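The sequence and the structure are shown first.

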Amino acid sequence: MANMAKNKNDVISTDREALVRGLRRVLSTHCLLLGEEDLRPYECDGLTAYRELPLAVCLPETEAQVIDILRTCHSLGVPVVARGAGTGLSGGAMPHAHGIVLSLARFNKILRVDRAARLAVVQPGVRNLAVSEAAAPFGLYYAPDPSSQIACTLGGNVAENSGGVHCLKYGLTVHNVLRIRVVSIEGEVFEVGSEAPDAAGYDLLALMIGSEGMLGVVTEVTVKLVPKPELAQVVMASFSDVAKAGDAVAAIIAAGIIPAGLEMMDKAATAAVEPFVKAGYDMNAEAILLCESDGTPEEVAEEIARVTDVLNAAGASDIRVSQSEAERLRFWAGRKAAFPAVGRITPDYYCMDGTIPRKRLAEMLSAIAAMEIKYGLRCANVFHAGDGNLHPLIMYDASKPGDWERAEAFGAEILELSVALGGSITGEHGVGIEKINQMCVQYATPEIEAFHRVKAAFDESGLLNPGKAVPSLHRCAEYGRMHVHHGDVKFPELERF
Amino acid sequence: MLMAHSLDDIVAAVRNAAAEHAPLRIRGAGSKDFYGGLLAGEVLNVSAHRGIIAYEPTELYITAKGGTPLAEIEAALAEKGQMLAFEPPHFSGGDAGPAGASVGSAGATVGGCVAAGLSGPRRQQAGAVRDFVLGVKLVDGTGQVLNFGGQVMKNVAGYDVSRVIAGSLGTLGVIAEATLKVLPKPVSETTLVFDCDAAEAIRRLNEWGGLPLPISASFWHDGQLWLRLSGARAAVEGATGKLGGNVAVNPEKHWNSIREQTHPAFAASPLWRLALPSNVPSPELEGLRAIEWGGALRWYAGEVDGDHAAVRAAAAPLGGHATLYRAPESLRCLEGAFTPLPPALLALHRRLKKTFDPQGILNPGRLYAEF
């Protein structure tokens, strides 16, 4: 039944010679990597704690080759892991030991930028930022801006439903992609969505965006382009207390303002960032808020004035408004450099991605502070405050025995608390392999079974990215044995072993 | 008719129907009975399963039982200065409502709104129903209760099934609860009116669409183009100065007549809905009645004995699709309300339908005759 595909995959063994013969018929030598030294760079994605060497890496250059690769793998029962730039943070592109990596890196052409229709048609290996750069001469841009936008690809963005610092106002990938062209594991091509505002039938586009390469391989993406606002300005506010900062976020929303961006950093994060970036952050503040307003100059002035009033009323100890584009970018530079800055003060860090209702922020942060003591590890917090998406950065040292295990347990506890507070284990990074156990906490048996059935409706063979995103019920049963919440035994219908 | 007052009632009704292989016709207020294909099976009325479960203005969401009237939700939101930004049409009650409105009911329900997936004039700025669905509690075709999504804006754990439910016309499950993202109402709104023909309207709308203007709705009919600006006061005033046109007095009634399709432009049967890339020229069709959504939505009056295939054939090469929106049920069943799917997509639809409703008892034929 539903979890059969998974169990089958656990015992997959591939006839490597037959696979290589098959792939050689499809791909010329420069498109097929087989030697260990060539495969090594593909052994992990942005989540480096999990690694696996694939049997082969395919770098097709045409859709016809993608079709033939998938048909070959399908006929031989070989798992396929699609990959963009490999910047993902949840191990979604981690290879399968008995499978291939299907890299879309050479699908790097922008096929069309249509000024009149305000859309762009691109191949999946095109970088996120490249789309906005191509649209810039027309005063247009592609709104979702994940922090990795300089490197991450549109195909990867589709797989993860990527967000960014502006998604509160401009939406996620799912709100900005109009159409995708997909090859199924059987090698059949289909398109979902359209250049019109909707398409006939079920909204399969919404289903496939964020499906982590489990349902099909994307070979073309059509995105919506939006007019670039004339002006953007950012307000930076300091708070002596994180709870006050959290309340200020709610107060902004309650005042009827949807800012273009609304971000928070705690003291540990600003302390890591400031020496590195010199953004001018208030080092005495327990938390700072960055609130961006965009639009016409009059509109921005109006909104900034309203935001400033709200922040003052919420008890901000200091408020500064960017007075130039250079200053705006400097304020943001600190936030955008938070991950590398933390990377400078610790040998390794582990980035979490829980989403919580905004009003539970203070609760979450004090719980994280307690966990720092419990696990003996430090944690810096950056927060897409506007949409409740928290990125705790747990600092550890992979070379110290036991450090990673503690970091992982720390992270798991944060994610499970996110669910308990009414949120989600992942806001924008995806489940991948990383949060597969926490899926068992967020969802119960019927939903997990439904996800497996959805997967099977697209990929009956279970060969697309097996073992990711949706756990098997047996995995949940094993995990459930370790994590009993409030005395509830999860998955009581399953045998325990 | 089966009347469900609770989640348990819905589950029991679906389980019984599944055991007897008997189709169910899920119904809220019946305000969208006119829309889609066949209405088959015993009516499962969920309008008594109603009530707002949670509304958190600062978290920007509302959760309500499927039978909750849209009017009740909108009243609660209005108290806090918020709205359903996709402006769903109710198609019930009020003056000269179109055929199918259910007399005596409390009006369109949120479950029906999500199931039908229809958005109103503000869709061009804010997005469609599916863009605002954060989560659903669904009773699938076996009577199983499934919770997808949640109450937070960002949630990529598991497949995004809740958005697929928008527009699925009840064929994948009974919507027992829905959580929708809500937004603050704009501070300021102004409506401008221009005299121009359809081609000029399409040209202007697309030109404006490429500029950072706060256009929240557009409507062309019979030589007049109506444009609504919404946003910060300064933004609306600035755009008004830039665009010219005549400022309309009390335009709310006008926009409501478009949202609810009580405007004479929609008084046609059959009425075709063509969703197209916004900038394509008008297809070679007679009977253009109205243009909305910045040019991307165009309404045509058809003929009962007309060449229906020709309408679909005109929309397809332009990159869009044509829906037989309002027409006698016999015609909708004969022609199919919705554009036929290519074989690969139809096969996927059937498999997806089967995963949620293995016996095919939920609203069979309402979306496509094949399932």
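How many residues does the contact take from chain A and from chain B? In this predicted model, the contact takes 76 residues from chain A and 65 residues from chain B. On the side of chain A that touches chain B, the elements that give two or more residues include helix 8 (173-176), helix 9 (204-208), helix 17 (436-442) and helix 18 of chain A, and helix 18 gives the most, with eight residues. By class, that side of chain A divides into 35 nonpolar, 22 polar and 19 charged residues. For the complex, the predictor gives an ipTM of 0.96 and a pTM of 0.95.

**Helix packing**

One helix pair lies across the two chains, where helix 18 (residues 445-458) of chain A packs against helix 12 (residues 343-356) of chain B at an angle of about 160°, with the axes 9 Å apart. Because of that angle, helix 18 of chain A is roughly antiparallel to helix 12 of chain B, and the crossing of these two helices is right-handed. From chain A, the residues of helix 18 that take part are Ala450(A), Arg453(A), Val454(A), Ala457(A) and Phe458(A), and they meet Leu348(B), Arg351(B), Leu352(B) and Thr355(B) in helix 12 of chain B. The residues of this contact divide into six nonpolar, one polar and two charged.

A second pair is found within chain A, where the axes of helix 10 and helix 12 come within 9 Å and cross at roughly 140°, which means that helix 10 of chain A is oblique to helix 12 of chain A. The crossing of helix 10 and helix 12 of chain A is right-handed. Ala248(A), Ala251(A) and Ile252(A) of helix 10 make the contact with Val307(A), Val310(A), Leu311(A) and Ala313(A) of helix 12 of chain A, and by class this contact has seven nonpolar, no polar and no charged residues. Helix 10 (242-254) and helix 12 (297-313) of chain A are also among the elements that give two or more residues to the side of chain A that touches chain B.

The table lists the two pairs.

| Helix pair | Crossing angle | Axes |
|---|---|---|
| Helix 18 of chain A and helix 12 of chain B | about 160° | 9 Å apart |
| Helix 10 of chain A and helix 12 of chain A | roughly 140° | within 9 Å |

**The sheet of chain A**

Chain A has an open sheet of seven strands in the order 15-12-14-13-17-18-16, with antiparallel pairing. Strand 15 (318-321) and strand 16 (348-351) of chain A stand at the edges, each with a single partner strand, so one side of each has no neighbour in the sheet. On average, and with direction ignored, neighbouring strands of this sheet are turned by 15° against each other. Strand 12 (residues 231-239) and strand 14 (residues 287-295) of chain A run antiparallel and are joined by nine bridges, and Leu231(A) stands opposite Gly295(A) in strand 14 of chain A.

Helix 10 of chain A lies across strand 12, strand 13 (261-266) and strand 14 of chain A, and runs at about 20° to strand 14. Helix 11 (residues 267-277) of chain A packs on the sheet as well, touching strand 13, strand 14 and strand 17 (379-384) of chain A, and its direction makes about 100° with that of strand 17.

**Confidence in chain B**

The mean pLDDT of chain B is 95, and 96% of its residues reach 70 or more. Over residues 94-104 of chain B, however, pLDDT stays under 50, and for these residues the model has 24 contacts beyond four places in sequence.

Conventions
Residues numbered from 1 in each chain as written. Chains lettered and ligands numbered in written order. Predicted model: local features only at pLDDT ≥ 70, side-chain atom pairs only at ≥ 80, totals over all residues. Axes fitted to C-alpha atoms, helices over the stretch in contact; angles between N-to-C directions. Helix = DSSP H or I, 4+ residues; strand = E, 2+ residues; numbered from the N terminus. Parallel < 35°, antiparallel > 145°, perpendicular 65-115°, else oblique. Left-handed = near helix turned anticlockwise from the far one by under 90°. Contact = placed C-beta atoms within 7 Å. Nonpolar A, V, L, I, M, F, W, Y, C, P; charged D, E, K, R; others polar. Pairing = 2+ DSSP bridges. pLDDT = per-residue confidence, 0-100.
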